[in-house]
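These are my notes from going through one model. I kept them in the order in which I looked things up.

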Amino acid sequence: MKYDVFLCCKCSGVCAGRASATTFKCSYCGTRNRTERAVRVVSGVESKDVPPTIARLKMERAKKTPSPR
Ligand SMILES: [Zn+2]
């Protein structure tokens, strides 16, 4: 099963959804996003690679925004 990694349109959380699905539910805020409207960060990720991919994306974002608040 392949997954795509998206950004939630509401909270900008990094979420994985099935590559073939038309919607995905954000694991942070519970918002149901339409995949066609959400920002697709990575596509075609194997299920075992989803957690490290999300971890990497979060780290990259943390570097780009050193002081978010
Ligand atoms: Zn969200």
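**Entry 1: Gly 17**

I started at Gly 17, which is buried, as 21 other C-beta atoms lie within 10 Å. I count a residue as buried if 20 or more other C-beta atoms lie within 10 Å of its own, as exposed if 12 or fewer do, and as partly exposed in between, with C-beta atoms placed from the backbone. The model is a predicted one: local features need pLDDT of at least 70 and side-chain atom pairs count only at pLDDT 80 or more, while totals for chains, interfaces and linings use all residues. Residues are numbered from 1 along each chain as its sequence is written.

Gly 17 is found in strand β2. I take helices (H or I, at least four residues) and strands (E, at least two) as DSSP runs, numbered from the N terminus. I then asked which residues Gly 17 contacts, leaving aside neighbours within four places in sequence. They are Tyr 3, Asp 4, Phe 6, Phe 24 and Thr 35; a contact means that the C-beta atoms, placed from the backbone, lie within 7 Å. I also looked up Val 5, which is 12 residues from Gly 17 along the chain; their C-alpha atoms are separated by 6.3 Å.

**Entry 2: Tyr 3 and the core**

From Gly 17 I went to Tyr 3. Not counting residues up to four places away in sequence, Tyr 3 touches Ala 16, Gly 17, Arg 18, Ala 19, Val 45, Ser 47 and Val 50. Tyr 3 also belongs to the largest nonpolar core, which has 12 residues in all, including Val 5, Phe 6, Phe 24, Val 45 and Ile 54. Such a core is a set of buried Ala, Val, Leu, Ile, Met, Phe, Trp, Tyr and Cys residues joined through C-beta atoms within 7 Å. The elements that give two or more residues to this core are β1 and β2.

**Entry 3: the sheet**

Next I traced the strands. An open sheet of three strands has the order β2-β1-β5, with antiparallel pairing; two strands pair if DSSP finds at least two bridges between them. The edge strands, each pairing on one side only, are β2 (14-18) and β5 (39-46). On average, neighbouring strands of this sheet are turned by 30° against each other, direction ignored. Axes here are lines fitted to C-alpha atoms, for helices over the stretch in contact, and angles run from 0 to 180 degrees between N-to-C directions.

Strand β1 (residues 2-7) is joined to β5 by five bridges. In that pair, Tyr 3 stands opposite Val 45 and Phe 6 opposite Arg 40. β1 and β2 also pair over five bridges, and Leu 7 stands opposite Val 14 in β2. The hairpin of β1 and β2 has six residues between the strands, and Ser 12 takes a positive phi near 65° there.

**Entry 4: the helix**

Helix α1 (residues 50-64) lies across β1, β2 and β5, at about 150° to β2. How many of the 15 residues of α1 are buried? The number is one, so α1 lies largely in the open.

**Entry 5: the whole chain**

Last I checked the totals. Of its 69 residues, 22% count as buried. The C-alpha atoms fill a box of roughly 35 × 25 × 15 Å along the principal axes.

Definitions and conventions: Two residues are in contact if their C-beta atoms, placed from the backbone, lie within 7 Å.
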